[in-house]
Amino acid sequence: MSSASRICVTAPASIGNVAAGFDVLGMALQPQTPGIWRDRVTVTYADCDALTIEGRFASAVPGHPDENLCMIAARLVRQRLSLDDVALSVTLDKGLPAGSGLGSSSASAVAAAVATCELLDPGRSRTKRILQVLDIARQTEAHATGAGHLDNVAPCLLGGLQLLTPLGPRAVAWPAELLLVVASPDFAVKTRDARAVLPQQVSAQLAVEHASNLAGLILALQTHDFLLIQATLRDLLAEPHRAALVPGFAQAKAGALAAGALGCSLSGAGPAVFAVCQAAKVEAVSVALANGFTAYGHSADAQVCQAAQLGAIDRIERL
Ligand code: HSE
């Protein structure tokens, strides 16, 4: 068993899809406002299983252990290790709004999975720990959204921009001079509902354009080719079908682009929206994003973010 009797893990917010990479590209976020938009999960031994939920967004999270993603993740870890009879106390400090498009379900599940693995199965290599947590999180994501996509899970676990390849997640360098302005409006959209509006099939022409955008974006990020980022940071697959679920999105996007953003799209399934820009533009882009939602009677929390260098696997406290 572990030398530590209590493990606390912090997991960052993330952007799924990053416009051109539906289900295969995701970015961990480090907001410039300290302490916001993250989940923290603490796991310790107990006499019987217990779940405590606290924090700013606690009220939106299911409290029943069969529905709560932290408990589901902790139980899956226990099953994998054949330690079902070990009782655990799990505390979730919920700092991410649920149904926001900021990777809230991934953050809770990843933090809980990492913490439980570290408590019950310490000393694994980093590579094995990553595989262990990705396996658990694929299941919790499928439970939460109906699909086991890892575009939020991978950056949440590993930090930075992550591309899901046939060989697993691979880090893609994000140019330090590019910032992300992320606006999270005051309403929720369930990822399951946002996936239900997507077509099951697309035309060959659209598939080709989508592939060109994704490949072009990865190349543009590597070569710091901002013109190519501007041309490729586009979502042809999901955004056109989801825009109607997010009142104010079209206005927010138009405003951000007019204010100098290189690109703007829904964050994951929405309703949060992100825009990519250089430092000189962040104020105007922040105002434009917030105004788009205000015009539809919604407030939005706009935050300037950088790529988070550290994911949950590097934010473990052994207490
Ligand atoms: N790739 C997922 C989607 C992210 O767009 O449905 C959801 O968080």
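**Figure 1. Residue classes in the lining of the second largest pocket of the predicted model.** By class, this lining comprises 10 nonpolar residues, two polar residues and three charged residues. Of the 15 residues that form the lining, those closest to the pocket centre are Phe57, Pro97, Ser184, Pro185 and Asp186. The volume of the second largest pocket is about 200 Å³.

**Figure 2. Elements and domains around the second largest pocket.** Strand S9 (178-185) and strand S12 (300-307) each contribute at least two residues to the lining of this pocket. Both domain 1 (6-170 + 308-318) and domain 2 (174-306) are represented, each with at least three lining residues.

**Figure 3. The largest pocket and the residues closest to its centre.** The largest pocket holds about 730 Å³ of space. Its lining is made up of 40 residues, of which Leu69, Gly99, Ser105, Ala144 and Thr191 are the closest to the centre. Two or more lining residues come from each of helix H1 (69-80), strand S6 (88-94), helix H2 (104-120), helix H3 (126-145) and helix H5 (191-196).

**Figure 4. Composition and domain origin of the lining of the largest pocket.** The lining of the largest pocket contains 18 polar residues, together with 13 nonpolar and nine charged residues. At least three residues of this lining belong to domain 1 (6-170 + 308-318), and at least three belong to domain 2 (174-306).

Definitions and conventions: Residues are numbered from 1 along each chain as its sequence is written. This is a predicted model: local features need pLDDT of at least 70, side-chain atom pairs count only at pLDDT 80 or more; totals for chains, interfaces and linings use all residues. Side-chain values use heavy atoms; hydrogens and water are left out. On a 1 Å grid over the protein atoms alone, a cavity is a set of points where a 1.4 Å probe fits but cannot get out, and a pocket is an open set with protein on both sides within 12 Å along at least five of seven lines; lining residues have an atom within 4 Å of a point. Grid points are joined across faces, edges and corners, and a volume is the space filled by probe spheres set on the points. Helices (H or I, at least four residues) and strands (E, at least two) are DSSP runs, numbered from the N terminus. Ala, Val, Leu, Ile, Met, Phe, Trp, Tyr, Cys and Pro count as nonpolar, Asp, Glu, Lys and Arg as charged, and the others, Gly among them, as polar. Domain bounds come from an automatic or database domain assignment.
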